[in-house]
Amino acid sequence: MSVAKQRRISIVVFIDAMGWEVLKGRSFLARELPYRRKLRSVLGYSSACVPSILTGLMPREHGHWSFFYYSPETSPFKPLRALNLLPGGLVNRGRVRNLLSRAVKKAYGFTGYFQLYNVPFRYIHLFDYCEKRDIFKPGGMNRGKNIFECLEQAGVRYHVSDWHLGEEENFSRLHRDIERGEVTFAFLYLAQLDALLHRVGKESDKVDQKLAEYEQALRKVLAHAARHYEDVRMFICSDHGMATVHTHVDLIGKVEALGLEYGRDYVAAYDSTMGRFWFHNEHARERIRALLADIPEGRILSDQELHALGCDFDHHQFGELIFLMDAGVIIVPSHMGEKPITGMHGYHPDAPDSDASLLSNVEPPCDPKAIPDMFRLMRHEAGI
Ligand SMILES: [Zn+2]
């Protein structure tokens with residue numbers, strides 16, 4: 001325990017998928033963090049939302065959205081196409097895909113989060129990947145500066161979790177830095193709740209258990225910080241919530257039934273909640289557009305709407321046409337996975353289950369209303 005206390009520390013805790021609706025009816029740190037507000041999310045998965053939190057920018061500005069995008073000229077994955085010759089039962093098993101993802105990440109020197117997911121090897125040479133660098137490091141963004149770059153430039157001493165490590169290790173590291181009493185800003189990254197919610201859904205008792213664990217661990221952080229700092233400010237935020245899945249749509253099957261040729265007529269990326277299409281001829285564009293317009297469980301996003309959502313990219317980088325499923329509907333199978341799951345996010349930000357949360361022990365500065373506003377809040381807390 002130190003004798004001379006530092007004046008102030010601001011601790012930002014990021015809990016992936018701790019949605020406003022996930023916390024509803026649950027008393028998570030209610031006494032310690034009485035300031036609670038809903039934050040509007042950003043269209044896309046964590047691969048889009050976390051960059052918005054770290055930069056204050058919308059996806060079209062920071063250039064991070066869904067992981068895979070059509071770009072045969074720049075695709076680094078051409079050598080992987082040969083894996084298509086191996087039996088699918090072997091190379092498409094989850095564990096084998098994980099091992100391959102790790103090997104590819106190492107071979108290409110990617111420092112970001114990299115997963116091959118379920119993207120078919122016969123088409124992988126058509127795609128490039130948008131998170132090649134570690135977004136939690138200075139210089140990690142495709143465009144713009146993240147908070148860590150700003151902190152370093154301003155010479156602020158800060159703590160940040162290493163997302164490669166487990167939660168327990170990241171809690172210990174935070175405690176070590178609190179003990180030293182040198183940092184004035186800390187960012188703790190917690191991702192396990194997201195994985196659990198995907199598996200069991202937001203209504204499960206297991207979610208109560210997990211939140212109780214976090215509650216206990218974060219109380220310890222608050223108590224420990226209070227011994228080393230005069231003023232402890234804590235902000236817990238998330239990137240999105242989690243909807244309970246009620247409907248599966250075989251979008252790939254429907255598109256393939258049109259008899260168009262993938263790669264010659266069109267190219268598609270199938271995320272869990274979005275079909276993204278690129279067209280090589282007008283016939284394919286019309287056929288696919290007409291098919292999608294007839295699917296009641298989702299809708300085509302207009303250019304105008306994509307613009308309003310901050311997801312209108314230069315040269316339609318992430319798709320010339322975006323078909324978004326309604327909340328609770330998933331595309332199965334998709335390029336993200338073959339098996340259905342209980343919870344999913346990546347729906348329209350207007351859907352109540354998309355809302356993120358912000359909990360704090362002080363009135364949050366800068367009146368944040370949407371997740372990109374966290375960037376301004378963090379700068380304010382760091383005094384930069
Ligand atoms: Zn998730």
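Which helix holds Asp194 and His198, and about how much of a helical turn separates them?

Analyst: Both residues sit in helix H8 (residues 192–200). They are 4 residues apart, so about one helical turn separates them. Helices here are DSSP runs of H or I with at least four residues, strands are runs of E with at least two, and both are numbered from the N terminus.

The model is predicted: local features need pLDDT of at least 70, side-chain atom pairs count only at pLDDT 80 or more, and totals for chains, interfaces and linings use all residues. Residues are numbered from 1 along each chain as its sequence is written, and side-chain values use heavy atoms, with hydrogens and water left out.

Start with the zinc ion. Its protein donors are Asp194 (OD), Asp194 (OD), His198 (NE2) and His345 (NE2). They lie 2.1 to 2.4 Å from the ion. A donor is an N, O or S atom within 2.8 Å of the metal (3.2 Å for Na, K and Ca); water is not among the atoms, so sites may look incomplete. In sequence the spacing of the donor residues reads D-x3-H-x146-H.

The geometry is irregular because the 4 donor atoms subtend angles of 56 to 150 degrees around the zinc ion. Four donors count as tetrahedral if all angles lie between 85 and 135 degrees; four count as square planar and six as octahedral if opposite donors are over 155 degrees apart and all others between 65 and 115; anything else is irregular.

Now the helix. Asp194 is buried at 12% relative accessible area. His198 is buried too, at 14%. The cut-offs are under 20% relative accessible area for buried, over 50% for exposed, and partly exposed in between (1.4 Å probe, protein chains only). Leu193, Leu196 and Leu197 are among the other buried residues of H8. The cover over the buried residues of H8 includes strand S1 (6–15), H1, H9 and strand S15 (343–344). After H8 comes Gly201, with a positive phi near 85 degrees.

The structure holds 28 salt bridges. A salt bridge is a side-chain nitrogen of Lys or Arg within 4 Å of a carboxyl oxygen of Asp or Glu. One of them joins Glu32 and Arg219, with the closest N and O atoms 2.6 Å apart. This pair links distant parts of the chain, 187 residues apart. Glu32 is in the loop between helix H1 (20–23) and strand S2 (35–39), while Arg219 is in helix H9 (residues 205–228). Glu32 is buried at 18% relative accessibility. Arg219 is partly exposed at 34%.

H9 also holds a local pair. Lys210 and Glu213 form a salt bridge, their closest N and O atoms 3.4 Å apart. The two are 3 residues apart in H9, so they are separated by about one helical turn. Lys210 is buried at 9% relative accessibility. Glu213 is partly exposed at 45%. Elsewhere, salt bridges with shared partners join Arg31, Glu32, Glu215 and Arg219 into one network.

Arg180 is exposed at 52%, whereas Asp177 is buried at 18%.

Next, the nonpolar packing. A nonpolar core is a set of buried Ala, Val, Leu, Ile, Met, Phe, Trp, Tyr and Cys residues joined through side-chain atoms within 4.5 Å. The largest core has 63 residues; those touching the most other members are Trp65, Phe77, Phe127, Leu251, Tyr266, Phe277 and Ile288. A second, separate core has 34 residues, including Leu218, Val221, Leu222 and Ile236.

The chain is divided into domain 1 (13–59 + 135–241 + 349–382), domain 2 (68–129) and domain 3 (246–340). These bounds come from an automatic or database domain assignment. The C-alpha centres of domain 1 and domain 2 lie 31 Å apart. Ala356 is in strand S16 (residues 356–360). Ala356 is buried, at 0% relative accessibility. Beyond residues up to four places away in sequence, the contacts of Ala356 (heavy atoms within 4.5 Å) include Trp20, Leu39, His240 and Ile371.
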